[in-house]
Amino acid sequence: MTAHELLARLRHPTDALARIRGVPVGVIDVGSNTIRLLVAVAGARGLVTVRQEKAFVGLGAEIHERGRIGPAELEEAVAAAREQAAIAQSLGAERLEVLVA
C-alpha cells in the first residue's frame, strides 16, 4: 500500500474503529532520509493532526554510498521508529500503520 492510499483510507475510513471520531490513529512513514510520524483523529471535516514527529536517518545516502544499509544505520532507523511508535501509543493511538518506501 502506498502512502497516498493509506492517507486516503484515513480520510475516508472503512473500518468501524477509524470512523469513530476522537480515536487517534498513527502512521509511521520510513523514507530514504526521514522517518515521520503522524497521529491524527477523524474530525467533522477530515483529519485533525494530534502530533507530528520527524527523525533524520539518511538511509538513502547510505545506500548510495555503500549499496546497502549498514547495521548501525539500520539500528538507528529501528530505534527512531520504536520511539515514534511509543509516542503514538502514549497519545492513545488505537491503530498504527508503518509504511516503508
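This is a predicted model: local features need pLDDT of at least 70, side-chain atom pairs count only at pLDDT 80 or more; totals for chains, interfaces and linings use all residues.
Visitor: Which elements make up the chain, and in what order do they run?

Guide: The chain has four helices and four strands. From the N terminus on, they run α-α-β-β-β-α-α-β. Helices (H or I, at least four residues) and strands (E, at least two) are DSSP runs, numbered from the N terminus.

Visitor: Why is Glu-62 called buried?

Guide: Buried means under 20% relative accessible area, exposed means over 50%, and partly exposed lies in between (1.4 Å probe, protein chains only). Glu-62 has 6% relative accessibility, so Glu-62 counts as buried. Its place is in helix 3, residues 59-66. By the same cut-off, 33% of the 101 residues of the chain count as buried.

Visitor: What makes Arg-82 count as exposed?

Guide: Arg-82 has 58% relative accessibility, so Arg-82 falls on the exposed side of the cut-off. Arg-82 belongs to helix 4. Arg-82 and Ile-28 are 54 residues apart in sequence, and their C-alpha atoms are 9.8 Å apart in space.

Visitor: What does the side chain of Glu-62 reach?

Guide: The side chain of Glu-62 reaches the backbone nitrogen of Gly-70 at 3.4 Å. A polar contact is a pair of N or O atoms within 3.5 Å; within protein, one must be able to donate a hydrogen and the other to accept it, and residues adjacent in sequence count only if both atoms are side-chain atoms. The value of 3.4 Å is within that limit, so the pair qualifies.

Visitor: Which residues does Glu-62 touch?

Guide: Contact means heavy atoms within 4.5 Å. Leaving out residues up to four places away in sequence, Glu-62 touches Gly-67, Arg-68, Ile-69, Gly-70 and Glu-73.

Visitor: How do you know that strand 2 and strand 3 pair?

Guide: Two strands pair if DSSP finds at least two bridges between them. Strand 2 (residues 34-43) and strand 3 have ten bridges, in the antiparallel sense, so they pair. Among the facing residues, Leu-37 has Glu-53 as its bridge partner in strand 3, Val-39 stands opposite Arg-51, and Ala-42 is partnered by Leu-47. A hairpin joins the two strands through two residues.

Visitor: How many bridges join strand 1 to strand 2?

Guide: Six bridges join these antiparallel strands, and Ile-28 stands opposite Leu-37 in strand 2. Strand 1 and strand 2 form a hairpin with three residues between them.

Visitor: What makes strand 3 and strand 4 edge strands?

Guide: The four strands form an open sheet in the order 3-2-1-4, with mixed pairing. Strand 3 (46-56) and strand 4 (95-100) each have a single partner strand, so one side of each is left without a neighbour in the sheet. From one strand to the next, the twist averages 15°. Helix 4 (residues 71-90) packs on the sheet and touches strand 1 (25-30), strand 2, strand 3 and strand 4; its direction makes about 15° with that of strand 2. Axes are lines fitted to C-alpha atoms, for helices over the stretch in contact, and angles run from 0 to 180 degrees between N-to-C directions.

Visitor: Why is strand 2 said to be largely enclosed?

Guide: Eight of the ten residues of strand 2 are buried, so strand 2 is largely enclosed by the rest of the structure.

Visitor: Which residues have the most contacts inside the largest nonpolar core?

Guide: They are Ile-28, Ile-35 and Leu-37, in a core of 14 residues. Strand 1, strand 2 and helix 4 each give two or more residues to this core, and helix 4 gives the most, with five. A nonpolar core is a set of buried Ala, Val, Leu, Ile, Met, Phe, Trp, Tyr and Cys residues joined through side-chain atoms within 4.5 Å.

Technical notes: Residues are numbered from 1 along each chain as its sequence is written. Side-chain values use heavy atoms; hydrogens and water are left out.
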